[in-house]
Amino acid sequence: MTPLSTPIEYLKGVGPAKATLLQRELSVFTIEDLLLHYPFRYVDRSSLSRISQMDLNAPFVVVKGILHPPQSVATGRTSRLSAQLSDESGSIELVWFQGIKWIKDTLKPGNEYIVMGRPNIFNGHISIPHPDLELVKEGQNSQSHNFIPVYSSTEKLKAKGLNSKGLSKLIETALQATSQSIPEVLPDRIVQGYHLPSRQQAFQQIHFPDTPNAMQLAVQRMKFEELFFLQLDFQYAKFQRRIKSQGHIFSTIGDHFNRFYKEKLPFELTGAQKRVVREIRLDMKNGHQMNRLLQGDVGSGKTIVAFMTMLIAIDNGYQACIMAPTEILATQHYETISTLAGKIGLNVALLTGSTTKKQRENLHTALRAGDIDILIG
């Protein structure tokens, strides 16, 4: 077992109960899963504002003040925890509706806190519901750790103290536990060639960035890593498909293809269309399954390329099918391809959700008999 693969319940501060919640709510099963739970934004703690000068329309504010003793307030069947935070300019109410007992036990009235959260106005009264609090310790440098990560959480996690701040503490513990033991997964020549930070550095800077630039480099590194292994997966799947999955060999370019191309083609193919048709012809005769994306703007001639590809299959004794994502598009393809196929005596049929049971039975009979060359569905 590596440090990153360690089950999350063994991380200091978690335990079985919180581990179950993290697994259920965030799909966090290991320390690596926790480190891959990235912040969705950062709060610049250096941009502290006075309470009286808060931007009430801002999605997030950062204020600092003295915390007054909290009070539990019961309203009908519900209750809330309320505490005033004050500075030299004024005061604001901090409110909690979940995890009241746990939160009350952790608060230290009379101390200075940095408070982060979304301001709320209810009945003309300003408050910050479920704020993130950081106790200002004596002698603490107010400029350290300026960029505070903000993590997504859930109500169930918040009730157990795993709000954004709680998750941040766990991630900080995880980084300390895996210090200098996070292995590099990219080849050295790629890391050095693209001037990427190491994986260890990237995890540190993406969660607790020293500067905005360091955070951007960390994000770039992790995005590169994700795309790198995604591409490797695609290449491996392609390699395995070529080895294990043998396709039909379409060796003949026969009468239907040649007659349509030489006599019935409604317009001259562009250079790109000719190149794509040649590439597809080579794929179809090599005996391996083809997996190809043909991309182009509306009206660029993708359908004509698909039709000529189907003619190759028909000339080799097979039937062909086009599957469209919607019935409207299937009908449009049917109308277009029926016109093209009719010029060389091929039969085209349409099968959609609107096709009746009797029509389906007739289609199945015609398909089995070989009377339908192309089916659009």
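Buried residues have under 20% relative accessible area, exposed residues over 50%, and partly exposed residues lie in between (1.4 Å probe, protein chains only). The model shown is predicted, so local features need pLDDT of at least 70 and side-chain atom pairs count only at pLDDT 80 or more, while totals for chains, interfaces and linings use all residues. Residues are numbered from 1 along each chain as its sequence is written, and side-chain values use heavy atoms, with hydrogens and water left out.

**View A. The aromatic pair of Tyr-194 and Phe-224.** Rings of Phe, Tyr and Trp (its six-membered ring) pair if their centres lie within 6.5 Å; planes under 30 degrees apart count as stacked, over 60 as edge-to-face and the rest as tilted. The structure holds 6 aromatic pairs. In one of them, Tyr-194 and Phe-224 have ring centres 5.2 Å apart and planes at 45°, so this pair is tilted. The two residues are 30 residues apart and link distant parts of the chain: Tyr-194 is in the loop between helix H6 (188–193) and helix H7 (199–207), and Phe-224 is in helix H8 (residues 212–244). Helices (H or I, at least four residues) and strands (E, at least two) are DSSP runs, numbered from the N terminus. Phe-224 is partly exposed, at 24% relative accessible area, whereas Tyr-194 is exposed, at 54%.

**View B. The aromatic pair of Phe-257 and Tyr-261.** Here the ring centres are 6.2 Å apart and the planes stand at 20°, so the pair is stacked. Both residues sit in helix H9 (residues 255–264), where a spacing of 4 residues separates them by about one helical turn. Phe-257 is buried, with 4% relative accessibility, and Tyr-261 is partly exposed, with 34%.

**View C. An open sheet of 3 strands.** The strand order is S11-S13-S12, with parallel pairing. Strand S11 (320–322) and strand S12 (348–350) stand at the edges with a single partner strand each, so one side of each has no neighbour in the sheet. From one strand to the next, the twist averages 20°; axes are lines fitted to C-alpha atoms, for helices over the stretch in contact, and angles run from 0 to 180 degrees between N-to-C directions. Two strands pair if DSSP finds at least two bridges between them. S11 and strand S13 (residues 374–376) run parallel and are joined by 3 bridges. Opposite Leu-375 in S13 stands Cys-321.

**View D. The second largest pocket.** A pocket is an open set of points on a 1 Å grid over the protein atoms alone, where a 1.4 Å probe fits, with protein on both sides within 12 Å along at least five of seven lines; lining residues have an atom within 4 Å of a point. This pocket holds about 830 Å³ of space. Its lining has 30 residues, and Met-290, Ala-306, Thr-309, Met-310 and Cys-321 lie nearest the centre. Helix H10 (271–284), helix H11 (302–315), S11 and helix H12 (327–342) each give two or more residues to the lining. H11 gives the most, with 7 residues.

**View E. Positive phi at His-130 and His-195.** Most residues other than glycine have a negative phi. His-130, in the loop between strand S8 (125–129) and strand S9 (132–135), has a positive phi of about 40°. His-130 is partly exposed, at 28% relative accessibility. For His-195, in the loop between H6 and H7, phi is positive at about 55°. His-195 is exposed, at 68% relative accessibility.

Methods
Grid points are joined across faces, edges and corners, and a volume is the space filled by probe spheres set on the points.
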